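Work through these exercises with the sequence and the model side by side. Try each task before you read its solution.

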Amino acid sequence: MADGAGTAVKKTLVETKAVAVLFGLTVRRIQQLTQDGILVTETVGRKRGYDLMPTVRRYISYLQDKLSQKGASREDSDNESRKIKAEAEIKEAKAAMLALERDELQGLMHRSEDVEAMTTDLVFTIRGMLLALPGRLAIDLAAITVPSEISERIKQEVYVILHELANYKYDPAAYKKRVRDRQGWQDFEKTEADGDE
């Protein structure tokens with residue numbers, strides 16, 4: 001190389017031991033870096049060694065590359081960890097959903113829309129009984145002239161309705177049927193019974 005005055009820049013060659021001391025490495029490690037092509041030796045006249053400034057630059061560049069690769073591998077490791085965690089969360093969510101479906105099919109848990117539908121059915125049954133009450137009592141009450149007897153007769157019919165409501169029982173089979181209908185599944189008991197015939 002030439003400087004601004006046109007004179008050649010003198011290379012400063014140093015021995016392997018001096019480079020090792022400068023970088024805080026062993027002589028063997030400097031030799032490995034040279035074999036790997038990271039550091040380069042030069043020959044000037046009969047003397048062989050390392051040109052100090054280019055050697056320092058090459059080693060700094062090597063360390064920077066190594067550091068950026070380490071950062072990239074750490075980022076890859078973090079991404080892999082997040083991916084594994086996300087997959088585990090997805091599997092847990094699927095397992096929870098399957099457990100809820102199983103409980104629903106076994107009648108241990110009911111969806112709110114099924115409970116609402118069954119409750120609506122019960123309310124319509126009660127409504128029907130109450131609306132039928134005047135028709136059932138009209139002829140009987142027309143024949144009675146004493147108000148206390150009319151009251152007693154109405155009370156008897158109300159007790160009949162209340163007794164029917166008191167006998168209303170939770171029917172797991174009805175809920176199971178709703179679940180199967182909603183899921184679009186056939187009633188397995190019916191299918192098995194048809195197969196036995």
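**Exercise 1.** Is the crossing of α4 and α5 left-handed or right-handed?

*Solution.* This is a predicted model, where local features need pLDDT of at least 70, side-chain atom pairs count only at pLDDT 80 or more, and totals for chains, interfaces and linings use all residues. Residues are numbered from 1 along each chain as its sequence is written, and side-chain values use heavy atoms, with hydrogens and water left out.

Step 1. Find the two helices. Helix α4 covers residues 112–143 and helix α5 covers residues 147–166. Helices here are DSSP runs (H or I, at least four residues), strands are runs of E (at least two), and both are numbered from the N terminus.

Step 2. Look at the axes. They come within 10 Å and cross at roughly 155°. Axes are lines fitted to C-alpha atoms, for helices over the stretch in contact, and angles run from 0 to 180 degrees between N-to-C directions.

Step 3. Name the arrangement. The angle makes α4 roughly antiparallel to α5. The cut-offs are under 35 degrees for roughly parallel, over 145 for roughly antiparallel, 65 to 115 for roughly perpendicular, and oblique for the rest.

Step 4. The crossing of α4 and α5 is right-handed.

Step 5. Sort the contact (heavy atoms within 4.5 Å). The contact of α4 with α5 has 13 nonpolar, no polar and 5 charged residues. Ala, Val, Leu, Ile, Met, Phe, Trp, Tyr, Cys and Pro count as nonpolar, Asp, Glu, Lys and Arg as charged, and the others, Gly among them, as polar.

**Exercise 2.** Describe how α4 packs against helix α6 (residues 172–183).

*Solution.* Step 1. The angle is about 125°, and the axes are 11 Å apart. α4 and α6 are therefore oblique to each other.

Step 1. This crossing of α4 and α6 is right-handed.

Step 2. Residues of α4 that meet α6 include Val-115, Ala-117 and Met-118; among their partners in α6 are Ala-174, Tyr-175 and Val-179. By class, the contact of α4 with α6 has 6 nonpolar, no polar and 5 charged residues.

**Exercise 3.** At what angle do α1 and α2 pack?

*Solution.* Step 1. The angle is about 100°, with the axes 8 Å apart. That makes α1 roughly perpendicular to α2.

Step 1. α1 brings Thr-16, Lys-17, Val-19, Ala-20 and Phe-23 to the contact, and α2 brings Val-27, Ile-30 and Gln-31. These divide into 5 nonpolar, 2 polar and 1 charged.

**Exercise 4.** How many residues has the largest nonpolar core?

*Solution.* Step 1. The largest core has 11 residues, including Val-19, Ile-30 and Tyr-50. Such a core is a set of buried Ala, Val, Leu, Ile, Met, Phe, Trp, Tyr and Cys residues joined through side-chain atoms within 4.5 Å. Buried means under 20% relative accessible area, exposed over 50%, partly exposed in between (1.4 Å probe, protein chains only).

Step 1. α1, α2 and α3 each supply at least two residues of this core. α1 gives the most, with 3 residues.

Step 2. Now follow Tyr-50. Leaving aside neighbours within four places in sequence, Tyr-50 is in contact with Val-19 and Ile-30, among others.

**Exercise 5.** Where does Lys-47 lie?

*Solution.* Step 1. Lys-47 lies in strand β3 (residues 47–51).

Step 1. At 48% relative accessibility, Lys-47 counts as partly exposed.

Step 2. Not counting residues up to four places away in sequence, Lys-47 touches Leu-13 and Glu-42.

Methods
A crossing is left-handed if the near helix is turned anticlockwise from the far one by less than a right angle, and right-handed if clockwise.
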